[in-house]
Number of protein chains: 2
Amino acid sequence: MNKEPASVSAYDTAYPRIAMTVDCIIFSFDGNELKVLLLHEPDRPNDQWSLTGKFASDEEELDDVACRVLQQHTGIESAWVEQLRTFIHPRPAGKVLTVAYCALINSKDQQLQLSGSLLQWHSVRELQFTEFGHKDLVSYCYKWLQKRIQEHPLGFNLLPEKFSLREMQNLYEAVLETRLDRRNFRKKFFAMDLLVDTGEYENDVPHRPGKLYTFNFRKYEECKPNGTGITFL
Amino acid sequence: MNKEPASVSAYDTAYPRIAMTVDCIIFSFDGNELKVLLLHEPDRPNDQWSLTGKFASDEEELDDVACRVLQQHTGIESAWVEQLRTFIHPRPAGKVLTVAYCALINSKDQQLQLSGSLLQWHSVRELQFTEFGHKDLVSYCYKWLQKRIQEHPLGFNLLPEKFSLREMQNLYEAVLETRLDRRNFRKKFFAMDLLVDTGEYENDVPHRPGKLYTFNFRKYEECKPNGTGITFL
DNA sequence: ACAAAAGTGTTCGTGGTACACCCATGT
DNA sequence: ACATGGGTGTACCACGAACACTTTTGT
């Protein structure tokens, strides 16, 4: 934070002013695959997909802008949202500073608000083989999420309020692109002691129904910080 | 990324333009304590310390701006620098978007360039008990560093090119504010197999000199990514 | 009856933690 | 000789990984 000019009027002109967008990389899980929400502008060429986002001023907190982007496109009022990274992005009309956010929602409880543009869920796996403008950013965010979801129980944000352990495991297997042992997975989650047994069971399943759990957000908030032993990757 | 106006001239006025700074939280280690570099403007009240930083345009990569901030204040041409977080910061002359960076340098090899303003190293421990403008940001960055340094061997960036294991352990103990077992610490670092024995020894020490090592940056770059097992904090 | 997934314990190996003695150097 | 930190190995414990059978429900 360097010297500032003496007067406000000088300030207006002394420093460059730039345009800024807040973009959201919105993930959801359909039971099989991790999906990311992309939009297609009607006046653009086909198969040109971009992220949801909006231009912003300095009058609003960045987190609030990100929530508003999410709200406008999905109708969701509150969700897990976290700032990812900021970078300068060349655009047709000039360079823009973009603050990227990652959002996790559960798509089942919500309806997309289409709002003129075409919104569509895309498989994250498939996007690896597609070229599009924000491919690198989505990949970056996906890797970040893979790491983050192993350090914090974020998976709950991608599931309905009540979920079975099978759904949870499918989610982790999809996000981490691996297979996990069912017994060890259960053991781990029960040991965390953040699951609340609702007493209810799945229905609509063509086999023995599993128990439904909810996530104890309050308890999680209380017992976050630890971390003593040095452990490199 | 929403619709853009049809013409570039419309673009100039259609979206708000804001001022941006890139600020660096610069850490070093003096052998005992973790320090952070703060500057004091001559025309400000006493004991008003702020971070190093500069206003920036959209013409330069953010990482490059951060490096230039570092270079201007410390004379260091290349160092470990990582983007931390972006936020909107109220200033006397209006709101400013600030992109915060964390930098790690070893102060022994370098001389500070004082450049008119007063630059001074401050103990991170002591700052916990001081009120100043960027206190929260420094605390945030410090916590972030504590976590980051346990996942990646970043400590090397705070030490001279050749260092003893004692120096390294002092560093980790200072950053993590804890005591570590010497034998286990050595075992861990040797197991990583990223230390290169230089064959040289400390001098200037009033006791048996320790071996000096260098860090194998190349090997580290090659073997970064792993991470399979789910492990919450 | 059959298919499909739910639910449940034990063993083994790895890796972290705790701990004490002799060695090399400078004063 | 003495003080100071350098250098080394072993035993215990916790946690993650591997692994198979019985139970419940729907068709």
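The model is predicted, so local features need pLDDT of at least 70 and side-chain atom pairs count only at pLDDT 80 or more, while totals for chains, interfaces and linings use all residues. Residues are numbered from 1 along each chain as its sequence is written, chains are lettered from A in the order in which they are written, and side-chain values use heavy atoms, leaving out hydrogens and water.

**Helices H4 and H5 in chain A**

- In chain A, the axes of H4 (residues 135-151) and H5 (residues 165-176) come within 9 Å and cross at roughly 135°.
- Axes are lines fitted to C-alpha atoms, for helices over the stretch in contact, with angles running from 0 to 180 degrees between N-to-C directions.
- H4(A) and H5(A) are therefore oblique to each other (under 35 degrees is roughly parallel, over 145 roughly antiparallel, 65 to 115 roughly perpendicular and the rest oblique).
- Tyr142(A), Gln146(A), Ile149(A) and Gln150(A) of H4(A) make the contact with Tyr172(A), Ala174(A), Val175(A) and Leu176(A) of H5(A) (contact means heavy atoms within 4.5 Å).
- Sorted by class, that contact has six nonpolar, two polar and no charged residues (Ala, Val, Leu, Ile, Met, Phe, Trp, Tyr, Cys and Pro are nonpolar, Asp, Glu, Lys and Arg charged, and the others, Gly among them, polar).

**Helix packing in chain B**

- H4(B) (residues 135-151) packs against H5(B) at about 135°, with the axes 10 Å apart.
- Here Tyr142(B), Gln146(B), Ile149(B) and Gln150(B) in H4(B) meet Tyr172(B), Ala174(B), Val175(B) and Leu176(B) in H5(B).
- H5(B) also packs with H6(B), at an angle of about 105° and with axes 11 Å apart, and these two helices are therefore roughly perpendicular.
- Leu165(B), Arg166(B), Met168(B), Gln169(B) and Tyr172(B) in H5(B) meet Arg182(B), Phe185(B), Arg186(B), Phe189(B) and Phe190(B) in H6(B).
- The contact of H5(B) with H6(B) has six nonpolar, one polar and three charged residues.

**The second largest pocket**

- A pocket is an open set of points on a 1 Å grid where a 1.4 Å probe fits, with protein on both sides within 12 Å along at least five of seven lines; lining residues have an atom within 4 Å of a point.
- The second largest pocket is lined by 22 residues, and Ser164(B), Glu202(B), Pro209(B), Gly210(B) and Lys211(B) lie nearest its centre.
- H5(B) gives the most to this lining, with four residues.
- The lining divides into eight nonpolar, five polar and nine charged residues.
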